[in-house]
Amino acid sequence: MQVWGVRLISADLEQNYNADLLTVVDPSLQEEIRRFRRREDAVRKLTGDRLARLVVGRMLGIPGWRLDFAVNAYGKPFLAADTDIEFNLSHSGDWVVCAVDEQPVGIDVEQVLPVEQELMENCFSAPEIQWVRAGGSAWLTRFYQIWTLKESYIKALGQGMSLPLPSFSLLRQDDERWTLQSAARKTDWFFRQYSLPGGYELAVCGKDSGFSGELTQLTLKELLADE
């Protein structure tokens, strides 16, 4: 499994994306991008598309512009061509990230921002709530660790929010391992967290335990130059 990320800087989020980023983009995505009211949201969306094309294209040995992307009924992207390659995208704040594998995969990145504890009580299982609260002053970081793990699992399944968040638990086994506990699902899923600078949490879920050791980081300039 490969995990890639682009950390955007202020100048990236303020650029005229129509000039550089809208090249090598499907017409349907161009139309979606133009509906964004905030320029930075458009840049994140376009960066994700370019990043996925770069990583998937390299795995298949073909130029990214030749790839045909589609989405399922819940919005999960996939390759329209008949291939075993699967990928998933996420973005938050300065970061756009992508995970690619030959089996189902999900990824989620979140900027650590203040939240009400009521959100945790509505979305987490009892064991998860207990673990978060046991963190004391670090409860917010723990909240986002659980949140990104749960989101990565849901995204790997490709079923959107049709699966209630409290219906399964992510239980901490040691400093690196998490176990999925769910009455309705088999537990043959693997999870990994990656460290990101700047107050972010990142989690990846997959059917394969062979995660890349580190996130491969690019700048937007490097990403655009690669095409």
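**View 1. Ring pairs link Phe124, Phe143, Tyr144 and Trp147 into a cluster.** Rings of Phe, Tyr and Trp (its six-membered ring) pair if their centres lie within 6.5 Å; planes under 30 degrees apart count as stacked, over 60 as edge-to-face and the rest as tilted. The structure holds nine aromatic pairs. This is a predicted model, where local features need pLDDT of at least 70, side-chain atom pairs count only at pLDDT 80 or more, and totals for chains, interfaces and linings use all residues. Residues are numbered from 1 along each chain as its sequence is written, and side-chain values use heavy atoms, leaving out hydrogens and water.

**View 2. Here phenylalanine 69 meets phenylalanine 87 in an aromatic pair.** With ring centres 4.8 Å apart and planes at 40°, the pair is tilted. Both phenylalanine 69 and phenylalanine 87 are buried (under 20% relative accessible area, with a 1.4 Å probe and protein chains only).

**View 3. Tyrosine 153 and phenylalanine 168 form an edge-to-face pair.** Their centres are 4.9 Å apart, with 65° between the planes. Tyrosine 153 is buried, as is phenylalanine 168. Lysine 150 lies over the face of phenylalanine 168, 4.1 Å from the ring centre; for such a placement, NZ of Lys or CZ of Arg is within 6 Å of the ring centre and within 35 degrees of the ring normal.

**View 4. The charged end of arginine 192 sits over the ring of tyrosine 194.** The distance to the ring centre is 4.9 Å.

Note on methods: Buried < 20%, exposed > 50% of the residue type's maximum accessible area, 1.4 Å probe, protein only.
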